[in-house]
Amino acid sequence: MTKHEVSRGGAETESTGRQHSIIGDILREGRTLGEEDVKKLKECNIRWRDEGLFAVAVWKKEVLEEFILPENPEVHHVVGFEYDRLTYVIVGNLERDRTELQKIQLLHEYGTAIVQKNRCMAGISTVTGSLAHVADAIIEAACSLSRGYYMEKEKVWPAEMAGNEIRSLVKRWESGYRKTRRELYEVSGQEFYQTMEAVLDHAKQEGVFPVCMFAAFCCDAMEMAYMRFAGEDAKLMHHMLLEEKRAVSESVSYAESCKKVTEFIRNALAYQEMDERNLSKGVAAAVDYVRHHYSEPISLESVSREVHLNTEYLSRIFKEETGCTYSTFLSETRLQKAAYLLSHTPERVQKIAESVGYPNVSYFSTTFKKRYGVNPYEYRRGEEKDAGNHGNV
């Protein structure tokens, strides 16, 4: 949470970290508030009432840069809090005894004043008459601001969907992103890039994907591209990866994020040692077999039998077409998977070694160090340090 509450008239009042924590924990859950929730808010000096409750969302970085909250005698009980890593939400009440149309117009005017005074964009909710449903107003405002992320126009973005509808869509998007992540781990380099282009285009067309979720997916995709395609320049690409992930996770511009993601993936693909589109049927089948069975003790002879080719012939054309020997390709596949597991799971090094086809952990550590310049334990510690310093998502 930020250090201050935003109060009516642009003034700031000190608020304890405990108060901010309570407010944020209650409101981020996105559920209908119960009596106990309302009681806790009251204990934090929150005076929201049922009638004319609204939310306005802005980018958090705007609040940290001399944000001005406009004076408006018809807007009361205004309190701001951090909604997520990128978004700051302002919640308050509109003047009583106004028609629904007047309330909508008043909220739009208030949002417009925020935009004009701060040269920013803002997302606004619908107006609710129930404090129990304040979480709906908050998610509506945040979703509206997301449209500004994709369209990149400094204006007031009104709510187009109800809070419950947004929550349902978020669950569907999360499921879709999980499926796409699995697909990206299996496809070729060219298919990887084309899939990401489709994801980026779809996000812009929809225009309402929660920005933090979209940014997290982009960061995952860049890391996967690095793990799969960085090749001999992995050390250089790792530095680029950390910088680009940090930039994407902090960006509030779709165009900027999209450019960084696509450029990084293109750079990663540039280090590929082979163009899988030009592989012969036999070599392509061997490559595919290795990628699905790398954790097993597979030899060139066993792969040759699987793809119905003579061992010596497969060995020769494999190197000609891929640019590396079969044993090098198998080792690279295993080590890239191991590096990914070290970065993303808490599994013991010995178990990771076994899961990628190295039953001897000592040999695995030696081989890993030759490839990455550090042993698996050092690699994991380095990843954790970088994640902490660069806001890894």
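## Helix H8 against helix H14

In this predicted model, helix H8 meets helix H14 through Glu 223, Met 224, Met 227, Arg 228 and Phe 229 on the H8 side, and through Gln 336, Ala 339, Tyr 340, Ser 343 and His 344 on the H14 side.

The geometry of the pair can be stated for H8 as residues 211-229 and H14 as residues 326-344, whose axes come within 8 Å and cross at roughly 150°. The crossing in which H8 passes H14 is right-handed.

## Helix H7 against helix H8

Helix H7, which covers residues 189-206, also packs with H8, and the axes of these two helices come within 12 Å while crossing at roughly 170°. Because angles over 145 degrees count as roughly antiparallel, H7 is roughly antiparallel to H8.

From H7, the contact takes in Gly 189, Phe 192, Met 196, Val 199, Leu 200 and Ala 203, and from H8 it takes in Phe 214, Phe 217, Cys 218, Ala 221, Met 224, Ala 225, Arg 228 and Phe 229. Of the residues in the contact of H7 with H8, twelve are nonpolar, one is polar and one is charged.

## Helix H12 against helix H13

Helix H12 (residues 300-307) and helix H13 (residues 311-322) have axes that come within 9 Å and cross at roughly 95°, so that H12 lies roughly perpendicular to H13. On H12 the residues in contact are Leu 300, Glu 301, Val 303, Ser 304 and Val 307, and on H13 they are Thr 311, Leu 314 and Ser 315. The contact of H12 with H13 contains four nonpolar residues, three polar residues and one charged residue.

## The second largest pocket

The second largest pocket holds about 410 Å³ of space. It is lined by 21 residues, of which Tyr 83, Asp 84, Ile 139, Val 170 and Pro 210 are the closest to its centre.

By class, the lining of the second largest pocket consists of 14 nonpolar, two polar and five charged residues.

Technical notes:
Residues numbered from 1 in each chain as written. Predicted model: local features only at pLDDT ≥ 70, side-chain atom pairs only at ≥ 80, totals over all residues. Heavy atoms only, no water. Axes fitted to C-alpha atoms, helices over the stretch in contact; angles between N-to-C directions. Helix = DSSP H or I, 4+ residues; strand = E, 2+ residues; numbered from the N terminus. Parallel < 35°, antiparallel > 145°, perpendicular 65-115°, else oblique. Contact = heavy atoms within 4.5 Å. Nonpolar A, V, L, I, M, F, W, Y, C, P; charged D, E, K, R; others polar. Left-handed = near helix turned anticlockwise from the far one by under 90°. 1 Å grid on protein atoms, 1.4 Å probe; cavity = no way out; pocket = protein on both sides within 12 Å on 5 of 7 lines; lining within 4 Å. Points joined across faces, edges and corners; volume = space filled by probe spheres on them.
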